[in-house]
Amino acid sequence: MQETITSHVTPKLWQRILCLIYDFLLLLAIIFIASFIFVPLFSKMNSEYFKPLYQFYLLTIMGLYFIWFWTHGGQTLAMQTWKLRLVGANGEGVTKKQAITRYLLALFVYPFFCIGIIWIFFDRDRQFLHDRIAGTRIIKL
């Protein structure tokens, strides 16, 4: 399966950034629908508990979106459009552990000055920091 990795090229940074933007727009729609369900049900809660619970709920919904798509075919809807796929470092499909690790790392890496994206300029394989740590890589189909 190692031949599969070497036969696929690493996508350009601009392709990955456009894919991130597209995924962000899709997530806005998902968050809107999820909020439409959550807010009427729980808005009468004490305001002290509502905000953290709501934020955790939205992070969970976003995590489910990414983890499900990454473990079922390796492509989110945006990645399908841009013909990108997430694979394990060995070229196999992404495990749940890798997908969860990648998602959680991305949550912590991106807010800090986009370190995950800047890392690409120093990585020998041009991978994001969260891909390097999670043992995954993005390939162009």
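User: How far apart are the end C-alpha atoms of α2, and what span should its 30 residues have?
Analyst: This is a predicted model, and the expected span follows from the number of residues in the helix. At 1.5 Å a residue, the 30 residues of α2 should span 44 Å. The distance in the model agrees with this: the end C-alpha atoms of α2 are 41 Å apart.

User: At which residue does α2 bend, and by about how many degrees?
Analyst: The bend is the angle between axes fitted to the seven residues ending at a residue and the seven starting there. For α2 this angle is about 30 degrees, and the residue is S35.

User: Which elements do the buried residues of α2 pack against?
Analyst: Buried residues have under 20% relative accessible area. In α2 they are Q15, R16, C19, D23, L27, A34, S35 and F38. The elements they pack against are α3, α4, β1 and β2 (136-140).

User: What span should helix α3 have, and how far apart are its end C-alpha atoms?
Analyst: Helix α3 covers residues 47-71, which makes 25 residues.

User: What covers the buried residues of α3?
Analyst: The buried residues of α3 include F50, Y54, L58, I67 and W70. Among the elements that cover the buried residues are α2 (13-42), α4 (77-82), β1 (84-88) and α5 (96-109).

User: Is I100 buried, exposed or partly exposed?
Analyst: I100 is found in helix α5, and its C-alpha atom is separated by 6.3 Å from that of I67, 33 residues apart along the chain. The relative accessibility of I100 is 38%. Since buried means under 20% and exposed over 50%, I100 counts as partly exposed.

User: Which side chain does the side chain of D123 join in a polar contact?
Analyst: D123 lies in the loop between α6 (115-118) and α7 (129-134). With a relative accessible area of 6%, D123 is buried. The polar contact of its side chain has a length of 2.7 Å, and the partner is R132.

User: Which element of the protein has the lowest mean pLDDT?
Analyst: The mean pLDDT of the protein is 87, and 93% of its residues reach 70 or more. Over residues 1-5, however, pLDDT stays under 50. Where pLDDT is low, the predicted coordinates should not be read in detail. The highest mean among the elements, 95, belongs to β1, and the lowest, 49, to helix α1.

Terms used:
Residues numbered from 1 in each chain as written. Predicted model: local features only at pLDDT ≥ 70, side-chain atom pairs only at ≥ 80, totals over all residues. Heavy atoms only, no water. Helix = DSSP H or I, 4+ residues; strand = E, 2+ residues; numbered from the N terminus. Buried < 20%, exposed > 50% of the residue type's maximum accessible area, 1.4 Å probe, protein only. Contact = heavy atoms within 4.5 Å. Polar contact = N/O pair within 3.5 Å; in protein donor to acceptor, adjacent residues only side chain to side chain. pLDDT = per-residue confidence, 0-100.
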